[in-house]
Amino acid sequence: MLRVMIVELGHFTLILALMLAALQAVVPLVGAHKGWRGWMAMAGPAATAQFLCIALSFTALTYAFVTSDFSLKLVMENSHTLKPMLYKVSGVWGNHEGSMLLWVLILALFGASAHWFGGALPERLKARVLSVQAMIGVAFLAFILFTSNPFLRLAEPPFDGQDLNPLLQDPGLAFHPPFLYLGYVGLSMAFSFAVAALIEGRVDAAWARWVRPWTLAAWMFLTVGIALGSWWAYYELGWGGFWFWDPVENASFMPWLIAAALLHSAIVVEKREALKSWTILLAILAFGFSLIGTFIVRSGIITSVHAFANDPERGIFILAILAVFIGGALTLFAARAGTMEAKGVFAMVSRESALVMNNVLLAVAAFVVFVGTLWPLVAELAFDRKLSVGAPFFNQAFTPFMLILAAILPVGAIMPWKRARIERSLKPLYPALILAIAFGALAFAVGTDRSALAPVGVALGTWLIAGSAVELWQRAGRKAARLARLPRADWGKAAAHSGLGVTFIGIACLMAWDVEDIRVAQLGETFTVGGYDITLDGVERVEGPNYFSTLATIRMARDGREVAVLHPEKRVYPVAAMPTTEAAIANGVWRDLYLVIGDEQANGGWAVRTYIKPFANWIWAGAIIMALGGVLSLSDRRYRVAAGARKAPAMAQPAE
Amino acid sequence: MRWMILALSLLAVPAFAVQPDEILDDPALEARARELSKGLRCLVCRNENIDESNADLARDLRLLVRERLVAGDSDDEVIAYLVDRFGEYVLLQPTASGENLILWVAGPAMLLVALAGAGIYLRRRKAAPDAAPAPLSEAEKARLAEILNE
């Protein structure tokens, strides 16, 4: 009885949240327009109440998953009694309906945080921001209730469920969606601030200072989310690929690029009161790309035009949301952008101009990803050509922008505001330049393939890291004692930029020097790959909680010394009737040893794949360093004082 | 449970990517086959190339590519052979022909437009008179004092 009640209560509070959001969307907006303080003051408590309602709803759904309540259609389709507890919980968002509930939960969390930490915001701006945030909430709550209700019941509940896709039963993927959504949805704050500023007709340094922490937090979460997804692909898919240029990946990458551009242009607004209308446009576009991403992932249109045509309801609903919000915001932008006059004056060569270049490169790079992702759809609908756009296209069309960006980044970062001279800015960077060229040459000498990939990647990565170090040193007036007293924002900037460098080195080395070996190995036989002696010791069949596994024991030695004993697995999940590979990886700073066990061969022995992946972990380590840079920046004093975020929104965690 | 493990292990489990029995004896030919495979789409998968895909169809295509190479086809001939049979959908890198030129030109063209826009903006910023910042209002002054005293 209690079980039934809790779930129904969750359904009820979800409907209540929709009504609250509708109120919160209208009342404060009218209040702000008329100058009625009571109406404006309603926004904050409504945001808190809306968040609590959705949190309750989400808890109820989690409860249904944890207690395996198969009278809920969603639980039946995505869970199983034998599933480990972690995956019962992560199963809540491992499906369409639940993931949308998580989406609105995070949306409401950001709205409520703007109230909780936004004490210093002018009341009119705050009312408008919360109102816009609630409009987005109304749209998505209606989407859930009318097209994707997670609380639908089954008339005759079965004894057991159909299990979660085994590929999703993995710790990396359990936490990938929450982080990604914190990023996607976090950009709604930038959007709400932008629309509120357009309604207000006023953008100034204070506005930029309020909007930047939210963007920074969203970007940071996106970074972690994307890195988790890529890391998951690396160890789970069985051959160590880390990025596929899949439409779903691109959907998260485009907002990341635009958010990165927005972070930088907001600095110009904050420090120099220029680039105002462009920053507003970026804020709209950043959330626009989040919505496009949600559309791509949730409608399935890119993967199959036909699947979309058969069941267009959800896709069209999200498309309508996209059209209303982005169309509306852009119309407002067209009407009001002229009123945002810039104040700061600067020369052609200056920090401002460098940041404009940063924005040009990031925005065009995002545009390339956008065109490439949508091109198959356009070609099919407009030209009746059925074609694919895959990794080779993106590698060629996207990479040049990142190379140019990395090449100019350290110089731009060290330039002074207003007026700079390239020679003067370059001078302190000479040691970094020499170091970069030296490491690039080293990479060229070590590589046997004589390709440009590794030397260029290593040189640019070193240039970024050393350039950041030089910049910190300059900022501290070349005195070690002063380094510790630099503002945290300086450290954050240096960390984020060197993180990018670390990722550059990782990608370049991994792609250039990856060693692969595929063979049939007999039990007890030793073979050599890239200097490692590898012995297949044994293969046994074992039983997991909800799968059967073929588990191999493989020893790896180098120069007669044992380096690692690895246990790659091949699993079969009987309920979902799906096999998965579980690669065994010996992680290292300089290389990963990556082993996969394949099928037993008809004439004895097992298929074994061995990969040696140099610098693989640098890719994700770089992403983590970038995210840490974001955390450092968020904790900077200037945001704690007087800014919209008294406490860093980095503290925000997904409830439950 | 034992019988179940046995039954499951007998089930036709899809093979994982390139299998040892597919590999050609001639390392030069095999290297070409791998390189070609990376640019060919597994037709039933989502954006995956045949070199990485686990699908049966991908295995068939891998074997087909190797068959053509052993028969003495050049790389271009192998590609042409596959496009003939499966259409340009099989190419992960779209050809730079016809309407596809839009796709290839879009990035560089946008870069030029953006650079021109940025150039015009920067030129204007340079020429603009340096507007004196508006003086603080009484309320702002009070708030500033409050912040500084914190």
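In the predicted model, chain B contains six helices and zero strands. Read along the sequence, its elements follow the pattern α-α-α-α-α-α. Of the 150 residues in chain B, 23% are buried. Among the contacts in chain B with a separation of 6 or more, 50% are made by residues 24 or more positions apart.

Chain B touches chain A through 44 of its own residues, and chain A contributes 51 residues to this contact. On the side of chain B that touches chain A, helices α1 (2-10) and α5 (100-127) each supply at least two residues. The largest share of that side, eleven residues, comes from α5(B). By residue class, the side of chain B that touches chain A consists of 27 nonpolar, eight polar and nine charged residues.

Chain A is assigned four stretches as domains: domain 1 (1-153 + 162-169), domain 2 (172-389), domain 3 (395-514) and domain 4 (515-616). The C-alpha centres of domain 3 and domain 4 of chain A are 37 Å apart. Contact between these two domains involves six residues of domain 3 and seven residues of domain 4. The residues on the side of domain 3 that touches domain 4 comprise four nonpolar, one polar and one charged.

Helix α13 (residues 313-336) of chain A has 24 residues, and the distance from its first C-alpha to its last is 34 Å, close to the 34 Å expected at 1.5 Å a residue. The buried residues in α13(A) include A:Phe317, A:Ile318, A:Phe325 and A:Ala329. Elements that cover the buried residues of α13(A) include α7 (123-147), α8 (171-200) and α11 of chain A. Helix α11 (residues 276-299) of chain A holds A:Leu291. A:Leu291 counts as buried because it has 24 C-beta neighbours inside 10 Å, where 20 or more are required. Apart from neighbours within four places in sequence, A:Leu291 is in contact with A:Ile321, A:Leu322, A:Phe325 and A:Ile326. One of these partners, A:Phe325, is itself a buried residue of α13(A).

The strands of chain A include an open sheet of four, in the order β1-β10-β9-β8, with antiparallel pairing. Strands β1 (515-521) and β8 (584-586) of chain A stand at the edges; each has a single partner strand, so one side of each is left without a neighbour in the sheet. From one strand to the next, the twist averages 15°. Within this sheet, strand β9 (residues 591-600) of chain A is joined to strand β10 (residues 606-614) of chain A by eight bridges, and the two run antiparallel. One pair of bridge partners is A:Asp592 and A:Lys613, the latter in β10(A).

A further antiparallel pair is formed by strand β6 (residues 569-573) and strand β7 (residues 578-582) of chain A, with five bridges between them. In this pair, A:Lys570 stands opposite A:Thr581 of β7(A). β6(A) and β7(A) form a hairpin in which four residues lie between the strands. In the turn, A:Ala577 has a positive phi of about 50°.

Key: Residues numbered from 1 in each chain as written. Chains lettered and ligands numbered in written order. Predicted model: local features only at pLDDT ≥ 70, side-chain atom pairs only at ≥ 80, totals over all residues. Pairing = 2+ DSSP bridges. Axes fitted to C-alpha atoms, helices over the stretch in contact; angles between N-to-C directions. Nonpolar A, V, L, I, M, F, W, Y, C, P; charged D, E, K, R; others polar. Buried ≥ 20, exposed ≤ 12 C-beta atoms within 10 Å, placed from the backbone. Domains from an automatic or database assignment. Expected span 1.5 Å × (residues − 1).
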